[in-house]
Amino acid sequence: MTNYSPRFSQLSEALSGDDANVWAVSDRAHELADQGEDVIFLCVGDPNFDTPEPILDYTRARLGVGRTHYSPDAGEPVLRRAIANIESKVSPHPCSPDDVVVFPGGTNAIYAVLACLLNPGEEILIPEPMYIGYVPICDALRLKMKKVACPADNNFAFDVDDIVAAIGDDTRVVMINTPVNPTGAMATPEQLRELAAHCRERGIWLVCDEMYSMITFARRHTSLRTAAEHLDNVVVIDGLSKSHAMSGWRLGWAVAQGPLVERLTQFAGATIFGCPQFIQEAAAFALEFDTYFVEQMRSAYQKRRDLIVERIGRIPGLSCYSPDAGMFVMVDVSRVADSGEAFAEALLDAERVSVLPGAPFGASAANHVRLTLAAEEGELARALDRIEHFVTSGNRRAS
Ligand SMILES: Cc1ncc(COP(=O)(O)O)c(C=O)c1O
C-alpha cells in the first residue's frame, strides 16, 4: 500500500513559512499567564474598548429587520456612500460611492488590492519599520518585497527622497502606511503629493494604508487621496478596526478609481461574495454618528501616550519620542540591551511584562521595543513600574 502524500499550492506553502520570531515573546507570555503568572500584556494592537453601545443597538435593530442576506460584491450602497462622503468632505477631489469597495477588514482589503496590482515575482517597495501583517500577504502573493529604511535617529520619519531613490525598474507598487504601525510617523500632505506624482511619472501604483487615520494627536491625518494631484495611480485603504474599536467586526475598504474598482469588485465577488449586510449597515451608522466616541477613545489614547512618554523619559537608559499618532510607543533600549528582542525576553523573564521586539517590524527598529496604548492607564502604570524596576535593579539580564 502506498502512502498518500498531500500536495499543496505554492500559495499555501508560502504561508507555512516560519514566522515564529514575530510572536515568540508574546507566545511565551501567554504560556506563563496560562500557568497562573501575573503577566501584563503590552503587545497587542487590539483596542481595549468595547464597541460603542449605539453601534451595538443599531446592529441589533438591523438584525431584527432581517438584514442577514447576500450583499452586493462592492458593498452596501449606504456604506459606500458614507465612506465617499467622508472622503469628499476633506478632499479637493470629490469621491463617489462607485470609487469604494468594501472588504471584511483592512487585511483583506490590502490582500485584494495587491492581488489585483501585482503578479508573483513582481516587486513591491515598502518603507520599514512596517506593519508585520504585510509579510504574509506578500508571501502568499509571492511578491518580492524591497524595504526602504526610515532610520530611528529621525524618529522613523518618512523621507520621500529615500523612497524615490529605492524605486527601481522592477518596482510595480509602492506601499506606505500613515500613520505608521509601529512608529506613529505621519506623512505630510506635501510628502504624499510628491510621492504620488513621482510614482505616476514612473507608471507605478502608490497604495496607502490609513488604518490609524482617526487616531492622531499632533495634527490631523491627511489622506493620500486628499494630497495627490491625480488619482489614477493611487489607492487608499482604511477600516473601522482601530478607530471604532471594531476589530472583530471585520470591516475595511479600498478607495480607488474606475478600472481598479471594477477589478476589486470582481475579486471581492470571487472570494467573498459580499460582506454581511448588518455589519455594513452598522459600519455606515458608526461613520455617520461617530464624532463623540471616536474622540473619547482618541483622547484616552493620547493620555496613555503621554503617560508612557513621561515615565519612560525618567527611566535611565531608556528613551522614546512622543508619537504623533497611532496606538504604540517605540522605546529605544540600545543603552541597556543588545537588542529589542534581548530586552523583551529578559523583561518577560524578570518582570512578567510582554512587549514586542522591534526587529520583526524592520531592521531600523531592531534596538526598540513596541509598547501598546491599548491598556488602561492603571495597567500601564503598573507595567511601567515593573519596567523601571527591571532597568534600574541589578537583576537586569538583557545584555
Ligand atoms: C497598519 C495596519 N494595517 C492593517 C491592519 C489590519 O487591519 P484589520 O484588523 O482591519 O484587518 C492593521 C492591524 O493591526 C494595521 O496595524
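**Salt bridges and their surroundings**

Tutor: Start with Asp 38 and Arg 382, whose side chains meet in a salt bridge at 3.4 Å, N to O. This pair links distant parts of the chain, 344 residues apart: Asp 38 sits in the loop between α2 and β1 (40-41), Arg 382 in helix α14 (residues 377-392). The model is predicted, so to speak of local features takes pLDDT of at least 70 and side-chain atom pairs count only at pLDDT 80 or more, while totals for chains, interfaces and linings use all residues. Residues are numbered from 1 along each chain as its sequence is written, and side-chain values use heavy atoms, with hydrogens and water left out.

A salt bridge here is a side-chain nitrogen of Lys or Arg within 4 Å of a carboxyl oxygen of Asp or Glu. The count by this rule is 19 salt bridges. Helices (H or I, at least four residues) and strands (E, at least two) are DSSP runs, numbered from the N terminus.

Asp 38 is partly exposed at 42% relative accessibility. Arg 382 is also partly exposed, at 34%. The cut-offs are under 20% relative accessible area for buried, over 50% for exposed, and partly exposed in between (1.4 Å probe, protein chains only).

Next, take Arg 28 and Glu 345. Their closest N and O atoms are 2.7 Å apart in a salt bridge. Arg 28 lies in helix α2 (residues 20-34) and Glu 345 in helix α13, so the pair ties together parts 317 residues apart in sequence. Arg 28 is partly exposed at 26% relative accessibility. Glu 345 is partly exposed too, with a relative accessible area of 23%.

Arg 67 and Glu 281 form another salt bridge, with 2.6 Å between the closest N and O atoms. Arg 67 is in the loop between α3 and α4, Glu 281 in helix α11, so this pair ties together parts 214 residues apart in sequence. Glu 281 counts as buried, at 7% relative accessibility. Back at the opening pair, salt bridges with shared partners join Asp 38, Glu 379, Arg 382 and Arg 386 into one network.

Now look around Arg 67. Leaving aside neighbours within four places in sequence, Glu 76 is in contact (heavy atoms within 4.5 Å) with Arg 67, Ser 71, Gln 277 and Gln 280. Glu 76 lies in the loop between α3 (53-64) and α4 (77-90). It is buried, at 7% relative accessibility.

Phe 273 is in the loop between α10 (258-271) and α11 (277-288). Its phi is positive, about 65°, although it is not a glycine. Most residues other than glycine have a negative phi. Phe 273 is partly exposed at 47% relative accessibility.

Val 333 is in the loop between β10 (328-332) and α13 (340-351). Val 333 is buried, with a relative accessible area of 0%. Leaving aside neighbours within four places in sequence, its contacts include Leu 318, Phe 343 and His 368. Val 333 and Leu 347 are 14 residues apart in sequence and 11 Å apart in space, C-alpha to C-alpha.
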